[in-house]
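Dear colleague,

Please find below the structure that I am handing over to you. My notes on it follow directly after.

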Amino acid sequence: MIQIEIDEGSGFCFGVTTAIKKAEEELAKGTRLYCLGDIVHNGMECERLRAMGLITINHEDMQELHDVKVLLRAHGEPPETYELARRNNIEIIDATCPVVLQLQKRIKTQYEAGGEQIVIFGKKGHAEVLGLVGQTQSSAIVIESFDEAKRLDFSRDIYLYSQTTKSLDEFHRIIDYIQSHIAPGATFKSFDTICRSVANRMPNISQFATKHDLILFVCGRKSSNGKVLYNECLRVNPNTHLVEDPKEIEPQWLEGIQTVGICGATSTPRWLMEQCRDAILNMQ
């Protein structure tokens, strides 16, 4: 009999849990509720909420809506979204993660104080990053990697922030590089804005992945956080497979395996990891 363990540290982070709870509460009232973008980067969870009545829309759709309720997910939104809601008499159910909200405020304050070169370490086009860049009237520079940091203008002041779910190690590498290249007359300030509940998952999930013969990483393929954590599992345990749902589990993966570890991203619901466990049990 194969032994299966579900990682206790995996699953929804606080921000995602709060957003889903708010959606469920509104839908339970019978409210017609729209969500701006996928509430979480997990297709199975989005489908569950869609079945409850949640309607996912994009920014273009929102421009056509009036006198309705729209939920803003944990990733946050730029100021223009709130302005659009005001114009169209849309009631906002704001589920922006408190960590993201605090980061938005810090960037906005820096920008209004004359932040000359605001740099955000994050994924271009990511919902959270769009919300952060929006605090600067789109003037912030987004860098996706350590190599892109080399192209900054080191003769000007640099104020460095990070998307909340980025790698802490790479962020510190970027800080060290800028510190050693900034011009003598320029100011460099960095602000560690990475969410610890996410950053701490890296060492924890790495340790978890070493304990088992096979790792099933359950995650939506659109999840940025999921890609980072999956790659860490793969690094320490080459016998790691990413699946979006139980139907993707291949029986041959289990041949000669004694222990299976199931883990996931901050966007992976617990019930989905449990479904994957049950699918394995049914294959034996």
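How many bridges join S2 to strand S4 (residues 69-72)? There are 4 bridges between S2 and S4, and the two strands run parallel. Within this pairing, Leu 33 has Lys 69 of S4 as its bridge partner.

Please note that this is a predicted model, in which local features need pLDDT of at least 70 and side-chain atom pairs count only at pLDDT 80 or more, while totals for chains, interfaces and linings use all residues. Residues are numbered from 1 along each chain as its sequence is written, and side-chain values use heavy atoms, with hydrogens and water left out. Helices (H or I, at least four residues) and strands (E, at least two) are DSSP runs, numbered from the N terminus. Two strands pair if DSSP finds at least two bridges between them.

Strand S2 and its partners

S2 (residues 33-36) also pairs with strand S3 (residues 55-57), in the parallel sense and over 3 bridges. Here Cys 35 has Thr 56 of S3 as its bridge partner. S2 is covered on both faces: Leu 33 and Cys 35 on one side, and Tyr 34 and Leu 36 on the other, are all buried (under 20% relative accessible area, with exposed over 50% and partly exposed in between; 1.4 Å probe, protein chains only).

The sheet around S8

An open sheet is formed by 4 strands in the order S7-S6-S8-S9, with parallel pairing. S7 (141-143) and S9 are at the edges, each with a single partner strand, so one side of each has no neighbour in the sheet. From one strand to the next, the twist averages 25°; angles run from 0 to 180 degrees between N-to-C directions, and axes are lines fitted to C-alpha atoms, for helices over the stretch in contact.

S6 (residues 118-121) is joined to S8 by 4 bridges, and Ile 118 stands opposite Tyr 159 in S8. S6 is joined to S7 by 3 bridges, with Ile 120 opposite Val 142. S8 is joined in turn to S9 (residues 188-190) by 3 bridges, and Ile 158 has Phe 188 of S9 as its bridge partner.

Of the 5 residues of S8 (residues 158-162), 5 are buried, so the strand is largely enclosed by the rest of the structure. Ile 158, Leu 160 and Ser 162 lie on one side of S8, and Tyr 159 and Tyr 161 on the other. Helix H5 (residues 98-112) lies across S6 and S8, running at about 170° to S8.

Helix pairs

Helix H1 (residues 14-28) packs with helix H2 (residues 43-52) at an angle of about 15°, their axes being 10 Å apart. The two helices are therefore roughly parallel to each other (angles under 35 degrees; over 145 counts as roughly antiparallel, 65 to 115 as roughly perpendicular and the rest as oblique). Contact (heavy atoms within 4.5 Å) is made by Ile 20, Glu 24 and Leu 27 of H1 and by Glu 45, Arg 48, Leu 49 and Met 52 of H2.

The axes of helix H10 (residues 201-209) and helix H11 (residues 224-236) come within 9 Å and cross at roughly 40°. Residues of H10 that meet H11 include Met 202 and Ile 205, and those on the H11 side include Val 228 and Leu 229.

Yours sincerely
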